Amino acid sequence: MSRKPKNYREVEKGIYTDLKDRMTYGKYLHLDEILDAQHCLSDQHDEMLFIIIHQASELWLKLAGHEVEAAIRNIRDNDFRHAFKVIARVKLILMQLTQSWSILSTMTPVDYLKFRDTLGPASGFQSYCYRKLEFLLGNKNRKLVEVHRHDAQAYADLQSVLKEPGLYDVVLRRLSDVGFAIDQEKLERDFSEPYEANESVQAAWFAIYSDPEEYFELYELAEKLVDIEDAFQSWRFKHMYTVQRIIGNRQGTGGSSGVPFLKQAIETSFFPELFAIRTDL
């Protein structure tokens, strides 16, 4: 009887091998479609990396939006326990997305320039999942929806999300419901407009942070929101820096100024009062 190699692992008898007409891993995940979705337009080796990084990012962004939608429902229902869970998940998704830029940055400027022109006007600026996530978090801008007019379904969905209260709007309504004097203009505003900081909101957060034992759930919620912004800003910064590393100050493929345009996003805050009060405490 021959001796098996030390690193040999016997296939257990209970493992399914006859999978004809049965649910399989590939069928459940539609892997045929997913793994056949990488169609390079050039013969350059690094284009595969470029495609897969962006396809995977779109999936993570879709999941992040799915979780923020759940958080909005949870907070409306005063279900903070589940809201905390999904918001924590969003933070980790954003951290995963941030790490992906490090993989992309292994592509040198020379590598990218070999196939960049094949992209035409295609750009991450046109990402439906990213735009939806930003709108859900409250960074509203109706002009940005126009980029999606060519896609009727995406356009209609973004128009709907644009007009609905974002995560922070729902949080402010909860603050009002429990007795904080939030200005009515913040509660009944045009939600398609960008959110602007407000003194009544800052005063409410100051009171919560000044007595965290009294308002522990709201205090915890505030820190969860800060976690999201922290992670999102890290993603934005790494995105900007990776673009700068690869194309310098070239114009973006989608027509933007490139790095200067990305730097502007870093100055945008989803929850401005939560950072302002840190100076006042």
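Modeller: A residue is called buried when its relative accessible area is under 20%, exposed when that area is over 50%, and partly exposed in between. The model here is a predicted one, and with that cut-off C129, at 13% relative accessibility, counts as buried, whereas C40, at 31%, counts as partly exposed.

Biologist: How many disulfides does the structure hold?
Modeller: The structure holds zero disulfides.

Biologist: How is a pair of aromatic rings described?
Modeller: A pair of aromatic rings is described by the distance of the centres and the angle of the planes. This structure holds 17 aromatic pairs. One of them joins Y130 and F232, whose ring centres are 6.0 Å apart with the planes at 40°, so the pair is tilted. This pair links distant parts of the chain, with Y130 in helix α6 and F232 in helix α11, 102 residues apart, and both Y130 and F232 are buried.

Biologist: What is the geometry of the aromatic pair that F180 and Y215 form?
Modeller: The pair of F180 and Y215 is tilted, with 5.2 Å centre to centre and 55° between the planes. F180 counts as buried at 14% relative accessibility, while Y215, at 28%, counts as partly exposed.

Biologist: Which residues do ring pairs link into a cluster?
Modeller: The cluster consists of W101, Y130, Y168, Y195, F232, W235, F270 and F271. The charged end of K186 sits over the ring of Y195, 4.5 Å from its centre, and R131 lies over the face of F125, at 5.1 Å from the ring centre.

Conventions. Residues are numbered from 1 along each chain as its sequence is written. This is a predicted model: local features need pLDDT of at least 70, side-chain atom pairs count only at pLDDT 80 or more; totals for chains, interfaces and linings use all residues. Side-chain values use heavy atoms; hydrogens and water are left out. A disulfide is a pair of cysteine sulfur atoms within 2.5 Å. Buried means under 20% relative accessible area, exposed over 50%, partly exposed in between (1.4 Å probe, protein chains only). Rings of Phe, Tyr and Trp (its six-membered ring) pair if their centres lie within 6.5 Å; planes under 30 degrees apart count as stacked, over 60 as edge-to-face and the rest as tilted. Helices (H or I, at least four residues) and strands (E, at least two) are DSSP runs, numbered from the N terminus. A charge sits over a ring if NZ of Lys or CZ of Arg is within 6 Å of the ring centre and within 35 degrees of the ring normal.
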